[in-house]
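Have a look at the model first, then read on.

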Amino acid sequence: MRLLTLNCHSWQESNQQKKLEELADAIAEHAYDVIALQEVSQSIDAVVIKDQIKADNYAFLLLQELQKRGLDDYRMVWEFCHIGYEIYEEGVALLTNLPIIKQDAFYVSKHTDTSYWKTRKVIKATVEYHQKCISFFSCHFGWWEDEEEPFHAQFERFIKRTDNNELTFLMGDFNNHAKARGEGYDMVKGQGWYDTFLLAKVRDEGSTVQGKIAGWDRNQEGLRIDYIWVNQPVSIQESKVIFNGTNKPVVSDHFGVDVLI
């Protein structure tokens, strides 16, 4: 099984269409089984296609690009989290080529007003893989030091909605640096989750952000803030950063994490 997580920074990138196509090319090449995306936006005033999905939904357009490459078996689930930049409905998504057995979404923030940009939800899809059910979450958590919406409170709400008996992968942008002791990374690890980066037999340096980005405007180093966690020890062959300019072109202000199980 192969997994990818990426904060795609959708509709905020220059050459956005080209970068969308480059993401589709990489998915076609690596045949990811599950893809977690964050900052998956659509215009508030765009035409509704189906349910809550609108015509310029980034994940919906990505599916169309995959279909152009002959990949017709991917399905998506998307959840609206909050208004971004006044004109977008921003959310989180999961794409998979495996059968989706069930799906869910819930708030991890105390705020539930979607007009507030700190409102956060996670989305879940349970898939069937070799006659076994495995659950995947796509998440975009807040910052550790945030006074209104601290990470620790959001993660505690998340934990209450998980089942330790079910093999579960938690994928996304955690806004907590792996090297910051006593903060979000240590909290997740302390709750019994395994960092697939550390489990991997082969891994690279791991940084998913370089320099200043929104929310990290003072950063001058490489940060590892995007992760794939698992609640049970599994055999990880490789963990590597992708879309960093070395391993595939840069497509976002975050790099992706590519894990082979």
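This is a predicted model: local features need pLDDT of at least 70, side-chain atom pairs count only at pLDDT 80 or more; totals for chains, interfaces and linings use all residues.

- Zoom out and you'll find six strands in an open sheet with mixed pairing, ordered E7-E8-E9-E10-E15-E11.
- At the edges sit strand E7 (100-107) and strand E11 (194-195), each of which pairs on one side only.
- E7 runs antiparallel to strand E8 (residues 121-129), with seven bridges between the two.
- One spot to check there is Ile100, whose bridge partner in E8 is Val127.
- E8 is also antiparallel to E9, again through seven bridges, and here Ile123 has Ser138 in E9 as its bridge partner.
- E8 and E9 make a hairpin with two residues between them, and His130 in the turn has a positive phi of about 50°.
- Strand E9 (residues 132-140) is mostly covered, with seven of its nine residues buried.
- On the E10 side, Cys139 stands opposite Gly172.

- Helix H3 spans residues 151-159 and includes Phe155.
- Is Phe155 buried or exposed? Phe155 counts as buried because its relative accessibility is 0%, under the 20% cut-off.
- Leaving out neighbours within four places in sequence, Phe155 is in contact with Phe141, Leu170, Phe174, Met187, Val188, Gln191 and Trp193.
- Phe155 and Glu79 are 76 residues apart in sequence, and their C-alpha atoms are 18 Å apart in space.

**A buried lysine**

- Back in strand E8, take a look at Lys121.
- Lys121 is buried, since its relative accessible area is 11% and the limit is 20%.
- What does the side chain of Lys121 make a polar contact with? The partner is the side chain of Glu79, at 2.6 Å.
- Beyond residues up to four places away in sequence, Lys121 touches Glu79, Phe80, Cys81, Val92, Phe106, Tyr107 and Val108.

- In soluble globular proteins, nonpolar side chains tend to be buried together.
- The largest nonpolar core here has 28 residues, and Ile27, Leu37, Leu62 and Leu95 touch the most other members.
- Strand E1 (2-7), helix H1 (16-30), strand E2 (34-43), helix H2 (58-68), strand E5 (75-84) and strand E6 (88-96) each supply at least two residues of this core.
- H2 gives the most to this core, with six residues.
- Another core lies apart from it and has 23 residues, including Val34, Cys81, Ile134 and Val257.
- As for Leu95, its contacts outside four places in sequence include Val34, Leu37, Leu62, Leu66, Tyr74 and Met76.

**Cysteines**

- How many disulfides are there? The count is zero.
- Cys8 is in no disulfide, as the nearest cysteine sulfur, in Cys81, is 12 Å away.
- Cys8 is buried, with a relative accessible area of 1%, and Cys81 is buried with 4%.

How values were computed:
Residues are numbered from 1 along each chain as its sequence is written. Side-chain values use heavy atoms; hydrogens and water are left out. Two strands pair if DSSP finds at least two bridges between them. Helices (H or I, at least four residues) and strands (E, at least two) are DSSP runs, numbered from the N terminus. Buried means under 20% relative accessible area, exposed over 50%, partly exposed in between (1.4 Å probe, protein chains only). A polar contact is a pair of N or O atoms within 3.5 Å; within protein, one must be able to donate a hydrogen and the other to accept it, and residues adjacent in sequence count only if both atoms are side-chain atoms. Contact means heavy atoms within 4.5 Å. A nonpolar core is a set of buried Ala, Val, Leu, Ile, Met, Phe, Trp, Tyr and Cys residues joined through side-chain atoms within 4.5 Å. A disulfide is a pair of cysteine sulfur atoms within 2.5 Å.
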